[in-house]
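Subject: Structure handover

Hi,

Here is the structure we talked about. Please open it and keep it on screen while you read my notes.

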Amino acid sequence: MNKYRKLAFNTIVFAVGSFGSKIFSLLLNNLYTRHISPADFYTKTLIETTALFLLPVFTFSLTEAVVRYGLDRKYSKKQIFTTASVLIFAGLMLMIIFMPFTTLIPFMNPVQEYTVMLTVYVCVSSVRSLCSQFVRAMGMVRLFAFDGILTTMLLFVFNVLFISHMEMGVRGFMLSVILSDFCSSVFLFISCRLYRYLDIKHFNRKLGKSMMRFSLPLIPTTVMWTFTGFSDQIFIGNMCSENSAGIYSASAKIPNLLSMLSTIFFQAWNISAITENDSEDRNEFYSKIYSSYESVLFIGSAGLIFLIKPISAILINYNTFPEYSKAYLYAPVLITASVFTCLDQFLSGIYSATKHTLNSLVTVAVACIANIILNTHLIPVWEINGASTATFLSYFICFCIRIADSRRYIPFKFSMLKNILNTLLILIMCRFTYEQSGIIPTAIIMVIVIIFNIRAVYETFRMIFPHR
(Lines give C-alpha, C1' and ligand atoms only; values in the text may rest on other atoms or scores of the structure.)
Protein backbone atom coordinates (compact mmCIF):
# COMPACT_ATOMS: atom_id res chain seq x y z
CA MET A 1 0.00 0.00 0.00
CA ASN A 2 1.58 3.33 -1.07
CA LYS A 3 1.89 6.10 1.51
CA TYR A 4 -0.88 8.18 -0.06
CA ARG A 5 -3.30 5.27 -0.06
CA LYS A 6 -2.30 4.35 3.50
CA LEU A 7 -3.02 7.92 4.64
CA ALA A 8 -6.35 7.83 2.80
CA PHE A 9 -7.21 4.45 4.32
CA ASN A 10 -6.45 5.61 7.86
CA THR A 11 -8.40 8.83 7.26
CA ILE A 12 -11.42 6.83 6.06
CA VAL A 13 -11.21 4.53 9.08
CA PHE A 14 -11.08 7.50 11.44
CA ALA A 15 -13.86 9.19 9.47
CA VAL A 16 -16.15 6.17 9.67
CA GLY A 17 -15.44 5.87 13.38
CA SER A 18 -15.56 9.56 14.16
CA PHE A 19 -18.11 11.09 11.80
CA GLY A 20 -21.15 9.74 13.59
CA SER A 21 -19.71 10.61 16.98
CA LYS A 22 -18.78 14.12 15.85
CA ILE A 23 -22.27 14.71 14.48
CA PHE A 24 -23.73 13.54 17.80
CA SER A 25 -21.46 16.04 19.58
CA LEU A 26 -22.59 18.89 17.37
CA LEU A 27 -26.25 17.99 17.79
CA LEU A 28 -25.74 18.15 21.54
CA ASN A 29 -25.18 21.88 21.08
CA ASN A 30 -28.86 22.13 20.16
CA LEU A 31 -29.78 20.35 23.39
CA TYR A 32 -27.49 22.59 25.44
CA THR A 33 -28.85 25.84 23.98
CA ARG A 34 -32.39 24.61 24.58
CA HIS A 35 -31.91 23.75 28.26
CA ILE A 36 -28.98 25.96 29.34
CA SER A 37 -29.14 29.77 29.44
CA PRO A 38 -26.37 31.85 27.78
CA ALA A 39 -24.89 32.68 31.22
CA ASP A 40 -24.81 29.00 32.26
CA PHE A 41 -23.51 28.09 28.79
CA TYR A 42 -20.56 30.35 29.56
CA THR A 43 -20.04 28.46 32.86
CA LYS A 44 -20.17 25.14 30.98
CA THR A 45 -17.58 26.38 28.49
CA LEU A 46 -15.42 27.70 31.33
CA ILE A 47 -15.46 24.24 32.95
CA GLU A 48 -14.53 22.54 29.67
CA THR A 49 -11.70 25.00 29.12
CA THR A 50 -10.42 24.65 32.69
CA ALA A 51 -10.26 20.90 32.12
CA LEU A 52 -8.31 21.51 28.91
CA PHE A 53 -5.87 23.61 30.96
CA LEU A 54 -5.47 21.05 33.73
CA LEU A 55 -5.11 17.97 31.53
CA PRO A 56 -1.78 18.85 29.85
CA VAL A 57 -0.35 20.48 32.98
CA PHE A 58 -0.90 17.55 35.33
CA THR A 59 -0.46 14.75 32.80
CA PHE A 60 2.65 16.49 31.42
CA SER A 61 1.18 16.13 27.87
CA LEU A 62 2.53 12.58 27.97
CA THR A 63 -0.25 11.23 25.76
CA GLU A 64 1.47 13.05 22.87
CA ALA A 65 4.71 11.28 23.75
CA VAL A 66 2.85 7.96 23.95
CA VAL A 67 1.86 8.34 20.30
CA ARG A 68 5.27 9.58 19.15
CA TYR A 69 7.28 6.89 20.96
CA GLY A 70 4.64 4.19 20.51
CA LEU A 71 4.89 4.47 16.72
CA ASP A 72 8.66 4.13 16.91
CA ARG A 73 9.67 0.47 16.81
CA LYS A 74 12.84 1.16 18.80
CA TYR A 75 10.87 1.35 22.05
CA SER A 76 9.08 -1.29 24.09
CA LYS A 77 5.29 -0.84 24.20
CA LYS A 78 5.17 -2.20 27.74
CA GLN A 79 7.79 0.28 28.95
CA ILE A 80 6.02 3.17 27.21
CA PHE A 81 2.59 2.41 28.70
CA THR A 82 3.90 1.64 32.19
CA THR A 83 6.22 4.64 32.34
CA ALA A 84 3.55 7.03 31.08
CA SER A 85 0.95 5.59 33.48
CA VAL A 86 3.19 6.06 36.53
CA LEU A 87 4.10 9.64 35.60
CA ILE A 88 0.50 10.59 34.83
CA PHE A 89 -0.70 9.07 38.12
CA ALA A 90 1.89 11.17 39.99
CA GLY A 91 0.72 14.27 38.14
CA LEU A 92 -2.93 13.65 39.00
CA MET A 93 -2.05 13.33 42.68
CA LEU A 94 -0.47 16.78 42.47
CA MET A 95 -3.63 18.10 40.81
CA ILE A 96 -5.82 16.87 43.67
CA ILE A 97 -3.63 18.87 46.07
CA PHE A 98 -3.77 21.94 43.82
CA MET A 99 -7.50 22.01 43.03
CA PRO A 100 -8.74 23.80 46.20
CA PHE A 101 -6.59 26.80 45.29
CA THR A 102 -8.42 27.35 41.98
CA THR A 103 -11.15 29.12 43.97
CA LEU A 104 -8.71 32.00 44.51
CA ILE A 105 -8.65 32.83 40.79
CA PRO A 106 -11.13 35.72 40.19
CA PHE A 107 -12.65 34.68 36.83
CA MET A 108 -13.10 31.09 38.14
CA ASN A 109 -15.97 32.10 40.45
CA PRO A 110 -18.66 30.39 38.31
CA VAL A 111 -16.75 27.08 38.62
CA GLN A 112 -16.31 27.05 42.41
CA GLU A 113 -19.35 24.88 43.16
CA TYR A 114 -18.14 22.27 40.66
CA THR A 115 -14.57 21.83 41.99
CA VAL A 116 -14.96 18.20 43.15
CA MET A 117 -16.71 17.13 39.95
CA LEU A 118 -14.09 18.95 37.89
CA THR A 119 -11.32 16.99 39.65
CA VAL A 120 -13.03 13.69 38.84
CA TYR A 121 -13.71 14.95 35.30
CA VAL A 122 -10.00 15.59 34.65
CA CYS A 123 -8.83 12.32 36.24
CA VAL A 124 -11.21 10.16 34.21
CA SER A 125 -10.52 12.10 31.00
CA SER A 126 -6.76 11.69 31.44
CA VAL A 127 -7.09 7.92 31.88
CA ARG A 128 -9.25 7.67 28.77
CA SER A 129 -6.81 9.82 26.78
CA LEU A 130 -3.88 7.62 27.83
CA CYS A 131 -5.68 4.41 26.87
CA SER A 132 -7.03 5.66 23.54
CA GLN A 133 -3.75 7.23 22.40
CA PHE A 134 -1.83 4.08 23.30
CA VAL A 135 -4.30 2.03 21.26
CA ARG A 136 -3.72 4.38 18.32
CA ALA A 137 0.05 4.10 18.78
CA MET A 138 -0.28 0.32 18.53
CA GLY A 139 -1.88 0.76 15.11
CA MET A 140 -5.34 -0.39 16.20
CA VAL A 141 -7.05 2.43 14.31
CA ARG A 142 -10.34 0.59 13.79
CA LEU A 143 -10.77 -0.02 17.50
CA PHE A 144 -9.70 3.55 18.25
CA ALA A 145 -12.37 4.80 15.86
CA PHE A 146 -15.03 2.48 17.27
CA ASP A 147 -14.27 3.73 20.76
CA GLY A 148 -14.91 7.26 19.51
CA ILE A 149 -18.38 6.26 18.37
CA LEU A 150 -19.11 4.38 21.59
CA THR A 151 -17.99 7.24 23.82
CA THR A 152 -19.98 9.90 22.02
CA MET A 153 -23.12 7.78 21.85
CA LEU A 154 -22.88 7.27 25.60
CA LEU A 155 -22.27 10.99 26.05
CA PHE A 156 -25.38 11.71 23.99
CA VAL A 157 -27.53 9.27 25.99
CA PHE A 158 -26.27 10.58 29.34
CA ASN A 159 -26.85 14.19 28.27
CA VAL A 160 -30.41 13.46 27.21
CA LEU A 161 -30.98 11.69 30.53
CA PHE A 162 -29.36 14.22 32.87
CA ILE A 163 -30.03 17.51 31.04
CA SER A 164 -33.20 16.98 29.02
CA HIS A 165 -35.11 14.69 31.38
CA MET A 166 -33.65 15.41 34.80
CA GLU A 167 -32.93 19.14 34.13
CA MET A 168 -29.53 18.97 35.87
CA GLY A 169 -27.99 21.68 33.67
CA VAL A 170 -24.22 22.16 33.92
CA ARG A 171 -23.92 19.46 36.59
CA GLY A 172 -25.67 17.02 34.25
CA PHE A 173 -23.20 17.87 31.49
CA MET A 174 -20.22 17.13 33.75
CA LEU A 175 -21.71 13.86 34.97
CA SER A 176 -22.30 12.83 31.35
CA VAL A 177 -18.67 13.41 30.41
CA ILE A 178 -17.36 11.58 33.48
CA LEU A 179 -19.51 8.49 32.89
CA SER A 180 -18.87 8.30 29.13
CA ASP A 181 -15.09 8.64 29.59
CA PHE A 182 -15.14 6.04 32.38
CA CYS A 183 -17.01 3.54 30.20
CA SER A 184 -14.55 4.19 27.34
CA SER A 185 -11.54 3.58 29.61
CA VAL A 186 -12.97 0.30 30.88
CA PHE A 187 -13.83 -0.81 27.34
CA LEU A 188 -10.33 -0.10 25.98
CA PHE A 189 -8.55 -1.53 29.00
CA ILE A 190 -10.42 -4.84 28.72
CA SER A 191 -10.90 -5.22 24.94
CA CYS A 192 -7.28 -4.33 24.13
CA ARG A 193 -5.99 -6.13 27.21
CA LEU A 194 -3.98 -3.10 28.19
CA TYR A 195 -3.27 -4.70 31.56
CA ARG A 196 -0.65 -6.76 29.70
CA TYR A 197 1.34 -3.58 29.14
CA LEU A 198 1.08 -2.33 32.71
CA ASP A 199 3.87 -3.72 34.88
CA ILE A 200 5.72 -1.58 37.41
CA LYS A 201 8.87 -3.65 36.76
CA HIS A 202 8.97 -2.14 33.27
CA PHE A 203 9.02 1.43 34.50
CA ASN A 204 12.02 2.94 32.67
CA ARG A 205 13.47 6.10 34.19
CA LYS A 206 15.63 6.86 31.14
CA LEU A 207 12.67 6.48 28.80
CA GLY A 208 10.58 8.61 31.16
CA LYS A 209 13.13 11.44 30.99
CA SER A 210 13.21 11.21 27.21
CA MET A 211 9.40 11.29 26.97
CA MET A 212 9.26 14.22 29.39
CA ARG A 213 11.83 16.17 27.35
CA PHE A 214 9.61 15.64 24.32
CA SER A 215 6.33 16.48 26.03
CA LEU A 216 7.23 19.26 28.49
CA PRO A 217 7.36 22.01 25.81
CA LEU A 218 3.90 20.85 24.76
CA ILE A 219 2.42 21.74 28.18
CA PRO A 220 2.65 25.53 27.84
CA THR A 221 1.93 25.09 24.13
CA THR A 222 -1.39 23.38 24.84
CA VAL A 223 -2.21 25.73 27.72
CA MET A 224 -1.58 28.84 25.64
CA TRP A 225 -3.41 27.36 22.66
CA THR A 226 -6.39 26.70 24.91
CA PHE A 227 -6.18 30.17 26.42
CA THR A 228 -6.01 31.74 22.97
CA GLY A 229 -9.18 29.90 22.01
CA PHE A 230 -11.04 30.80 25.19
CA SER A 231 -9.64 34.19 26.19
CA ASP A 232 -12.16 35.88 23.89
CA GLN A 233 -15.01 34.61 26.07
CA ILE A 234 -13.26 35.70 29.27
CA PHE A 235 -12.76 39.19 27.84
CA ILE A 236 -16.34 39.37 26.54
CA GLY A 237 -17.68 38.11 29.88
CA ASN A 238 -15.81 40.85 31.75
CA MET A 239 -16.02 43.71 29.22
CA CYS A 240 -19.58 43.05 27.99
CA SER A 241 -21.66 40.43 29.84
CA GLU A 242 -21.83 36.70 30.55
CA ASN A 243 -24.83 36.54 28.21
CA SER A 244 -22.71 37.91 25.34
CA ALA A 245 -19.97 35.43 26.22
CA GLY A 246 -22.51 32.60 26.08
CA ILE A 247 -23.77 33.73 22.65
CA TYR A 248 -20.18 33.91 21.38
CA SER A 249 -19.53 30.44 22.80
CA ALA A 250 -22.58 29.08 20.95
CA SER A 251 -21.43 30.64 17.67
CA ALA A 252 -17.96 29.16 18.19
CA LYS A 253 -19.50 25.67 18.01
CA ILE A 254 -20.40 26.12 14.33
CA PRO A 255 -16.77 26.12 13.08
CA ASN A 256 -16.47 22.73 14.80
CA LEU A 257 -17.87 21.24 11.58
CA LEU A 258 -14.63 22.25 9.88
CA SER A 259 -12.50 21.29 12.87
CA MET A 260 -14.25 17.91 12.87
CA LEU A 261 -12.92 17.12 9.38
CA SER A 262 -9.49 18.41 10.36
CA THR A 263 -9.33 16.30 13.53
CA ILE A 264 -10.24 13.17 11.58
CA PHE A 265 -7.52 13.88 9.03
CA PHE A 266 -4.94 14.89 11.64
CA GLN A 267 -5.30 11.60 13.51
CA ALA A 268 -4.31 9.78 10.33
CA TRP A 269 -1.76 12.39 9.25
CA ASN A 270 0.08 12.27 12.58
CA ILE A 271 0.77 8.57 12.01
CA SER A 272 2.03 9.19 8.46
CA ALA A 273 4.13 12.21 9.48
CA ILE A 274 6.00 10.15 12.07
CA THR A 275 6.37 6.91 10.08
CA GLU A 276 7.43 8.75 6.87
CA ASN A 277 9.81 11.15 8.60
CA ASP A 278 12.90 9.34 7.31
CA SER A 279 11.62 8.45 3.82
CA GLU A 280 13.54 9.67 0.75
CA ASP A 281 10.60 11.46 -0.87
CA ARG A 282 9.36 12.97 2.38
CA ASN A 283 9.41 16.58 1.09
CA GLU A 284 7.37 15.77 -2.00
CA PHE A 285 4.90 13.82 0.14
CA TYR A 286 4.43 16.80 2.46
CA SER A 287 4.05 19.20 -0.48
CA LYS A 288 1.25 17.25 -2.12
CA ILE A 289 -0.63 16.52 1.10
CA TYR A 290 -0.34 20.10 2.38
CA SER A 291 -1.57 21.58 -0.90
CA SER A 292 -4.57 19.27 -1.00
CA TYR A 293 -5.34 19.75 2.71
CA GLU A 294 -5.23 23.53 2.41
CA SER A 295 -7.55 23.40 -0.62
CA VAL A 296 -10.07 21.16 1.17
CA LEU A 297 -10.11 23.54 4.15
CA PHE A 298 -10.83 26.60 2.02
CA ILE A 299 -13.50 24.79 0.00
CA GLY A 300 -15.07 23.51 3.22
CA SER A 301 -15.01 26.95 4.88
CA ALA A 302 -16.61 28.57 1.82
CA GLY A 303 -19.39 25.98 1.83
CA LEU A 304 -19.91 26.35 5.56
CA ILE A 305 -20.16 30.15 5.38
CA PHE A 306 -22.57 29.88 2.43
CA LEU A 307 -24.85 27.57 4.46
CA ILE A 308 -24.28 29.30 7.80
CA LYS A 309 -27.87 30.26 8.51
CA PRO A 310 -29.53 26.83 8.01
CA ILE A 311 -26.65 25.07 9.75
CA SER A 312 -26.87 27.38 12.77
CA ALA A 313 -30.62 26.72 12.95
CA ILE A 314 -29.81 23.00 13.31
CA LEU A 315 -26.99 23.38 15.82
CA ILE A 316 -28.43 26.19 17.96
CA ASN A 317 -31.88 26.14 19.52
CA TYR A 318 -33.49 29.61 19.62
CA ASN A 319 -36.85 28.64 21.14
CA THR A 320 -36.10 28.83 24.87
CA PHE A 321 -33.48 31.59 24.74
CA PRO A 322 -34.02 33.90 21.69
CA GLU A 323 -30.69 35.61 22.43
CA TYR A 324 -28.96 32.78 20.55
CA SER A 325 -30.68 33.73 17.26
CA LYS A 326 -27.91 36.17 16.23
CA ALA A 327 -25.04 33.79 17.00
CA TYR A 328 -24.64 32.81 13.33
CA LEU A 329 -23.56 36.37 12.43
CA TYR A 330 -20.32 35.97 14.38
CA ALA A 331 -19.51 32.47 13.08
CA PRO A 332 -18.04 33.23 9.59
CA VAL A 333 -14.92 34.98 10.92
CA LEU A 334 -14.51 32.15 13.45
CA ILE A 335 -14.76 29.67 10.56
CA THR A 336 -11.94 31.53 8.80
CA ALA A 337 -9.95 31.41 12.04
CA SER A 338 -10.63 27.68 12.19
CA VAL A 339 -8.99 27.24 8.77
CA PHE A 340 -5.75 28.61 10.16
CA THR A 341 -6.12 26.63 13.37
CA CYS A 342 -6.22 23.50 11.21
CA LEU A 343 -3.20 24.62 9.18
CA ASP A 344 -1.33 25.44 12.39
CA GLN A 345 -2.13 21.94 13.61
CA PHE A 346 -0.76 20.44 10.39
CA LEU A 347 2.49 22.35 10.82
CA SER A 348 2.73 21.29 14.47
CA GLY A 349 2.89 17.72 13.12
CA ILE A 350 6.26 18.66 11.60
CA TYR A 351 7.55 19.76 14.99
CA SER A 352 6.36 16.48 16.54
CA ALA A 353 7.80 14.30 13.78
CA THR A 354 11.19 16.05 13.89
CA LYS A 355 11.11 16.40 17.71
CA HIS A 356 11.27 20.22 17.66
CA THR A 357 8.40 20.74 20.08
CA LEU A 358 10.05 23.86 21.56
CA ASN A 359 9.35 25.66 18.27
CA SER A 360 5.70 24.81 18.69
CA LEU A 361 5.79 26.49 22.11
CA VAL A 362 7.42 29.69 20.85
CA THR A 363 5.04 30.14 17.93
CA VAL A 364 1.91 29.62 20.00
CA ALA A 365 3.27 32.02 22.63
CA VAL A 366 3.35 34.73 19.98
CA ALA A 367 -0.24 33.91 19.01
CA CYS A 368 -1.36 34.00 22.64
CA ILE A 369 0.22 37.40 23.31
CA ALA A 370 -1.22 38.79 20.08
CA ASN A 371 -4.68 37.49 21.02
CA ILE A 372 -4.60 39.21 24.42
CA ILE A 373 -3.46 42.52 22.94
CA LEU A 374 -6.02 42.38 20.13
CA ASN A 375 -8.87 41.45 22.49
CA THR A 376 -8.15 44.36 24.83
CA HIS A 377 -8.22 46.80 21.91
CA LEU A 378 -10.94 45.36 19.63
CA ILE A 379 -13.65 44.15 22.06
CA PRO A 380 -14.29 47.64 23.55
CA VAL A 381 -14.85 48.90 19.99
CA TRP A 382 -16.55 45.99 18.17
CA GLU A 383 -17.68 43.82 21.12
CA ILE A 384 -18.32 40.22 19.92
CA ASN A 385 -17.02 41.04 16.43
CA GLY A 386 -13.82 42.31 18.03
CA ALA A 387 -13.28 38.95 19.74
CA SER A 388 -13.81 36.93 16.56
CA THR A 389 -11.45 39.24 14.63
CA ALA A 390 -8.81 38.90 17.35
CA THR A 391 -9.08 35.11 17.15
CA PHE A 392 -8.63 35.10 13.38
CA LEU A 393 -5.65 37.47 13.44
CA SER A 394 -3.84 35.59 16.22
CA TYR A 395 -4.17 32.23 14.44
CA PHE A 396 -3.12 33.84 11.16
CA ILE A 397 -0.01 35.31 12.80
CA CYS A 398 0.87 31.88 14.21
CA PHE A 399 0.45 30.36 10.74
CA CYS A 400 2.74 32.94 9.11
CA ILE A 401 5.50 32.19 11.61
CA ARG A 402 5.07 28.41 11.45
CA ILE A 403 4.97 28.19 7.65
CA ALA A 404 8.32 29.98 7.52
CA ASP A 405 9.88 28.13 10.48
CA SER A 406 8.66 24.55 9.95
CA ARG A 407 9.88 24.46 6.35
CA ARG A 408 13.44 24.74 7.66
CA TYR A 409 13.06 21.15 8.89
CA ILE A 410 10.93 19.79 6.05
CA PRO A 411 11.18 22.13 3.02
CA PHE A 412 7.88 21.30 1.32
CA LYS A 413 6.44 23.55 -1.40
CA PHE A 414 4.02 26.28 -0.39
CA SER A 415 2.18 28.87 -2.51
CA MET A 416 1.83 32.15 -0.64
CA LEU A 417 -0.25 33.66 -3.47
CA LYS A 418 -2.76 30.81 -3.31
CA ASN A 419 -3.13 31.18 0.45
CA ILE A 420 -3.57 34.97 0.34
CA LEU A 421 -6.16 34.87 -2.46
CA ASN A 422 -8.14 32.14 -0.72
CA THR A 423 -8.10 34.07 2.56
CA LEU A 424 -9.27 37.29 0.91
CA LEU A 425 -12.13 35.49 -0.84
CA ILE A 426 -13.29 33.89 2.41
CA LEU A 427 -13.10 37.21 4.29
CA ILE A 428 -15.24 38.85 1.59
CA MET A 429 -17.80 36.09 2.13
CA CYS A 430 -17.70 36.88 5.86
CA ARG A 431 -18.44 40.54 5.16
CA PHE A 432 -21.38 39.74 2.88
CA THR A 433 -22.80 37.31 5.42
CA TYR A 434 -22.57 39.74 8.34
CA GLU A 435 -24.17 42.53 6.31
CA GLN A 436 -26.81 40.02 5.12
CA SER A 437 -26.21 41.16 1.54
CA GLY A 438 -28.01 38.21 -0.02
CA ILE A 439 -27.22 34.69 -1.11
CA ILE A 440 -26.00 35.42 -4.66
CA PRO A 441 -22.69 37.23 -3.84
CA THR A 442 -21.64 34.52 -1.37
CA ALA A 443 -22.65 31.79 -3.85
CA ILE A 444 -20.50 33.34 -6.59
CA ILE A 445 -17.46 33.58 -4.33
CA MET A 446 -17.97 30.00 -3.10
CA VAL A 447 -17.91 28.76 -6.72
CA ILE A 448 -14.70 30.75 -7.36
CA VAL A 449 -13.06 29.18 -4.28
CA ILE A 450 -14.05 25.68 -5.44
CA ILE A 451 -12.69 26.25 -8.98
CA PHE A 452 -9.50 27.78 -7.61
CA ASN A 453 -8.78 24.82 -5.31
CA ILE A 454 -10.20 21.73 -6.96
CA ARG A 455 -7.07 20.86 -8.97
CA ALA A 456 -4.89 20.21 -5.89
CA VAL A 457 -7.55 17.89 -4.48
CA TYR A 458 -7.83 16.03 -7.78
CA GLU A 459 -4.05 15.54 -8.10
CA THR A 460 -3.86 13.98 -4.65
CA PHE A 461 -6.83 11.77 -5.52
CA ARG A 462 -4.84 10.53 -8.53
CA MET A 463 -1.92 9.66 -6.24
CA ILE A 464 -4.24 7.55 -4.10
CA PHE A 465 -5.91 5.86 -7.06
CA PRO A 466 -3.33 5.93 -9.89
CA HIS A 467 -4.44 5.05 -13.42
CA ARG A 468 -3.56 1.52 -14.40
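Below is what turned up, starting with the aromatic rings.

One caution comes before anything else: this is a predicted model.

**Aromatic pairs**

Take Y32 and F173 as an example. Their ring centres are 5.7 Å apart, and their planes meet at 90°. Planes over 60 degrees apart count as edge-to-face, so this pair is edge-to-face. Where do Y32 and F173 lie? Y32 lies in helix α1, which covers residues 3–35. F173 lies in helix α7, residues 169–191. The pair therefore ties together parts that are 141 residues apart in sequence. Both Y32 and F173 are buried.

Now look at Y293 and F346. This aromatic pair is stacked. The distance is 5.5 Å centre to centre, with 25° between the planes. Y293 belongs to helix α12 (residues 282–306), and F346 belongs to helix α14 (residues 331–353). This pair therefore ties together parts that are 53 residues apart in sequence. Are these two residues buried or exposed? Buried means under 20% relative accessible area. Y293 has 7%, so Y293 is buried. F346 has 1%, so F346 is buried as well.

Y293 and F346 also sit in a cluster linked by ring pairs. Its members are Y286, Y290, Y293, F298, F340, F346, F392, F396, F399, F412 and F414.

**A lysine over two rings**

Which rings have K44 over their face? One is F41, with K44 at 5.1 Å from the ring centre. Another is F173, with K44 at 4.7 Å from the ring centre.

**Two positive phi values**

S61 is a residue other than glycine with a positive phi, near 55°. Find S61 in the loop between α2 (38–59) and α3 (62–70). Its relative accessibility is 5%, so S61 counts as buried.

E383 has a positive phi too, near 55°, and is likewise a residue other than glycine. Look for E383 in the loop between α15 (357–382) and α16 (384–406). E383 has 47% relative accessibility, so E383 counts as partly exposed.

Send me your questions once you have looked through these places.

Best wishes

Key. Residues numbered from 1 in each chain as written. Predicted model: local features only at pLDDT ≥ 70, side-chain atom pairs only at ≥ 80, totals over all residues. Heavy atoms only, no water. Phe/Tyr/Trp six-rings, centres within 6.5 Å; stacked < 30°, edge-to-face > 60°. Helix = DSSP H or I, 4+ residues; strand = E, 2+ residues; numbered from the N terminus. Buried < 20%, exposed > 50% of the residue type's maximum accessible area, 1.4 Å probe, protein only. Lys NZ or Arg CZ within 6 Å of the ring centre and 35° of its normal.
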